[in-house]
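The following exercises concern one protein model and are each followed by a worked solution. Please study the sequence and the structure before reading on.

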Amino acid sequence: MDVLAQTLPFFALIGLGFWAGRAGFFDAAATAALTAFVFYFALSALLFRFTAGLDLGAVLSVRFLLAYFCGTLLVYLAATAAGLWRGRGMAETAIEAQCAVIGNVGFLGIPMLVQLLGEGAVGPILQVIVVDLILFGAVTVILITLSRNEGSFGAATLRVAAGLAKNPMIASIAAGLLWAASGWSIPGPADRFLELLGGAATPGALFAIGASLAGKSAERLSVAGWLSVCKLVLHPVAVGVMAFAVFGVERFSAGAMVVAASLPVAGNVFILAQSYGTAPQRASAAILVSTLVSVVTVTAWLGLLV
């Protein structure tokens, strides 16, 4: 109950955004504008400010990366096998596998976990983002492209690389790490500017999540339920086994990794599904169901590990 009291305000902001969307205060255009502001400006400022003060050598952990990658790979393969067994094509299966492992680390994880766990969680969260976006996000795009015969493996890889280069989360993390490597401190006025802008990331991101959910449907509940179980239960369990039992990751970082893995399906999975015209309703339902259930499951994982 103590942990619930700490997590409830974050989910209440999501609920407020959902109500605003349903009540008509925030239509699709307003939600898109708020999401763009958070994604390109507020969250980028927050990430740059965090990473600019990091010691890359102290943050980067091969054990951590291997544990998260291997645990995530197991669930990705399980979801892929389930999709192929049900007779879905490779493109649809790739979207389902994406739902099973890609959590809302950017819009929910960074704002919530950094406040609940402290700035020591920044390093683990950044490593989770890098694995999610660069490895598993790339694999999904490549699988969809190859399944449709829309180009060679090399062409698909170049398309993914171009997309990553334009991603403001990747760009701000890279810029922050380069600044940290320089050994310079951020000048006072610039630091205050980044602090003010980044401060809008938490309420803006959570409100935007809720407003975007207001337009999503809950069709295909059986598949959405299975994918939500993968994301909220199987993913953190697999990652936890790898972190604690196999690779021996330091306890705090391992706990942060598991909680990050327990986050609900990310909204960018729906954007990817919609852009390729591949199972967008399925992704939408998985996002909606997993986000609703995560009020209980994320709180439980935090209570267990923190």
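**Exercise 1.** Determine which residues line the largest cavity and which elements supply them.

*Solution.* The lining of the largest cavity consists of Leu47, Phe50, Ile110, Val114, Val122, Ile125 and Leu126. Two or more of these residues come from each of helix H2 (28-52), helix H6 (105-117) and helix H7 (122-147); helices here are DSSP runs of H or I with at least four residues, numbered from the N terminus. The most is given by H7, with three residues. By class, the lining has seven nonpolar residues, no polar and no charged ones. The volume of this largest cavity is about 30 Å³. A cavity is a set of points on a 1 Å grid over the protein atoms alone where a 1.4 Å probe fits but cannot get out, and lining residues have an atom within 4 Å of a point.

The model is predicted: local features need pLDDT of at least 70, side-chain atom pairs count only at pLDDT 80 or more, and totals for chains, interfaces and linings use all residues. Residues are numbered from 1 along each chain as its sequence is written, and side-chain values use heavy atoms, with hydrogens and water left out.

**Exercise 2.** Classify the aromatic pair of Phe69 and Phe136.

*Solution.* Rings of Phe, Tyr and Trp (its six-membered ring) pair if their centres lie within 6.5 Å; planes under 30 degrees apart are stacked, over 60 edge-to-face and the rest tilted. The count by this rule is nine aromatic pairs. For Phe69 and Phe136, the centres are 5.6 Å apart and the planes stand at 35 degrees, so the pair is tilted. Phe69 belongs to helix H4 and Phe136 to helix H7, so the pair ties together parts 67 residues apart in sequence. Phe69 is partly exposed at 29% relative accessibility, whereas Phe136 is buried at 3%.

Terms used. 1 Å grid on protein atoms, 1.4 Å probe; cavity = no way out; pocket = protein on both sides within 12 Å on 5 of 7 lines; lining within 4 Å. Points joined across faces, edges and corners; volume = space filled by probe spheres on them. Nonpolar A, V, L, I, M, F, W, Y, C, P; charged D, E, K, R; others polar. Buried < 20%, exposed > 50% of the residue type's maximum accessible area, 1.4 Å probe, protein only.
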